[in-house]
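Welcome! Please take a moment to look over the sequence and the 3D view before reading on.

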Amino acid sequence: MILDNNKRNPSQIQPSEITPREVFEDRRHFIKAAGAGLIAGAIASTQATKAIAGEIKTDANAKKPAAKTGATQKTLTFKKTAYGEGEKLTKFEDVTTYNNYYEFGTDKSDPATHSTLFKPRPWSISIEGAVKKAKTISIEDLLKLAPLEERIYRMRCVEGWSMVIPWVGLPLASLIKWAEPTGNAKYIEFISANDALTMPGVRVPVLDWPYVEGLRMDEANHPLTLLAVGLYGEVLPNQNGAPVRLVTPWKYGFKGAKAIVKIRFVEKMPVTTWVKTGPSEYGFYANVNPFVDHPRWTQSSEKRIGAGLFAGRIKTEMFNGYPEVGQMYAGMDLRKYF
Amino acid sequence: MYAQRVFYAKCLIWVFAFIPILRLVWLGVNDDLTANPVEFVERSTGTWALVFLLLSLSMTPIRLLTKQVWQIQLRRLLGLWMFAYACLHITTYVWLDYGFVWADIAKDIIKHPYVIVGFTAYLLTIPLALTSNSAMIKRLKSKWKTLHQAVYLISILVILHFWWLVKKDVTEPFYYAAVLCILLGIRVYYKAIASKNKL
């Protein structure tokens, strides 16, 4: 895997980056093992007679599947694209440890540490609403709808920071085509997983669960719009929205619904989670726009993650530097429809 | 009588106060300031300024509750460390976050309520720090006390600054707000008792 990355982006991947990543993965295994130890401990205390046997068994069972996933399922086959050529990639370690994913906690480091129990397989997405026939698609069948592509996209968070991420995925348009929406489908709504058992953040009512996002149909069908199933050539880590998430690079990051379980085609504009939470702060469109400020964060400039302590800010570009989407909003007052 | 105790307590404060700075330097040298180092340093210095503010505000409640007075002599040192961390906080903001681009800084302050209250709180701490030496205390006499009561306003502005900056989960600012409420509450309670006794 690591060799692969080096081959693809020799100038962008430093050998020094490899170590922290391994350390990071080791840490995850350690956390998993520690968790197994805890569970074993609980078993030991309840079943005193089987204490020792229980501990050994649980530990062994917990370690095996993790090792298996690592060996067989991690790598993805995909074709490269011209998107993001010349961009300096954000380190894998930063992309996978600095996340906004409130289902696993509100701290940026929570998703990486609290998502180890989350199971992205088996997975299926149910397709509902204004479609010829409601149906369900498994993650395996989804991956067959179109060849996987690598798209290097900038991601601009509404909080004023940004990354450059090499996503692997397929155009959302290919799923829409398969779903066969009817003429009544004006918007598409994404509903994320909210399993309180494996997503500890869901137990706290910080947001109105489940997480809901949406796009207008033309936005959803836009060639830039991606259903990501991986990053850095690997299966999507849990903390980045495994097994499948939305990526709309010209919009603020919160539009990217993670761990999608349901897609609904609807006639009316969906009431999305952040719009419900703060309608004066977050809009349905949420297009990156340096001219429309947020009550908390400066939107005319941004901090690039990984640039270092003394790098300063970079100018934020309209539509995050993807002007090709502009025609979809021709004639719209983007101050009003922010 | 308490001179030695005060001396040791001050030594302890000096050691304690340097730990967060040394930690930041250590993490910085090891490139371990998280993916967003500027935000991390901003958060850390801001949090420690708030901690020292609350510590300096704890000295009077301790006197009211325990009838001990020696710890009042620690208040100035705690207050000055609050100012030191506030200065580090604002330096991080102006330099590391905004790279001295004054136009952007001015825009950020004017447009964002949490920045306005934070910046105002910082400006208000400057006269307090400047008049903290014994000569100024003597010179200002009764005016000194009035001036330094601005700390109550500062503490409320700082809590607002923290509260408004948070996107959704206000758990952390809530804890600090609760501590401040207790510290101010004790003062109000004893003041009420005192005025009752006067009658």
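## About the model

This is a predicted model, in which local features need pLDDT of at least 70, side-chain atom pairs count only at pLDDT 80 or more, and totals for chains, interfaces and linings use all residues. Residues are numbered from 1 along each chain as its sequence is written, chains are lettered from A and ligands numbered from 1 in the order in which they are written, and side-chain values use heavy atoms, with hydrogens and water left out.

## Chain A

Let's begin with chain A, which has nine helices and 13 strands. Here helices (H or I, at least four residues) and strands (E, at least two) are DSSP runs, numbered from the N terminus. Chain A has 338 residues, and 53% of them are buried. Buried means under 20% relative accessible area, exposed over 50%, and partly exposed in between (1.4 Å probe, protein chains only).

Contacts tell you how the chain comes back to itself. Taking contacts in chain A with a separation of 6 or more, 71% are between residues 24 or more positions apart; a contact means heavy atoms within 4.5 Å. Chain A exposes about 15300 Å², with 58% supplied by carbon and sulfur atoms. Such accessible areas come from the Shrake-Rupley method with a 1.4 Å probe, and for residues only the protein chains shown count as cover.

## Chain B

Of its 199 residues, 43% count as buried. Among contacts in chain B between residues at least 6 apart in sequence, those joining residues at least 24 apart make up 65%. Chain B exposes about 11700 Å², and carbon and sulfur atoms supply 71% of that area.

## Aromatic rings

Over all chains, the structure holds 32 aromatic pairs. Rings of Phe, Tyr and Trp (its six-membered ring) pair if their centres lie within 6.5 Å; planes under 30 degrees apart count as stacked, over 60 as edge-to-face and the rest as tilted. One of the pairs is tilted: Trp274(A) and Tyr282(A), at 4.9 Å centre to centre with 50° between the planes. Both Trp274(A) and Tyr282(A) are buried.

Tyr285(A) and Tyr329(A) form an edge-to-face pair, 6.1 Å centre to centre with 85° between the planes. This pair links distant parts of the chain, 44 residues apart: Tyr285(A) is in the loop between helix H9 (273-277) and strand S12 (301-304), while Tyr329(A) is in the segment after strand S13 (314-315). Tyr285(A) counts as buried because its relative accessibility is 6%, and Tyr329(A) counts as buried because its value is 3%.

In chain B, ring pairs link Trp14(B), Phe16(B), Phe18(B), Trp48(B), Phe52(B), Trp81(B) and Tyr85(B) into a cluster.

## Where the chains meet

How many residues of chain B are in contact with chain A? There are 26, and they touch 30 residues of chain A. The area buried between the chains is about 2200 Å², with 52% given by carbon and sulfur atoms; buried area is the accessible area (1.4 Å probe) that two parts lose on being put together, summed over both. In chain B, Ala35(B), Lys167(B) and Lys168(B) lose the most area to chain A, together 32% of what that side buries.

There are four salt bridges between chain B and chain A, each a side-chain nitrogen of Lys or Arg within 4 Å of a carboxyl oxygen of Asp or Glu. The side chains of Asp104(B) and Lys315(A) meet in a salt bridge (3.9 Å, N to O).
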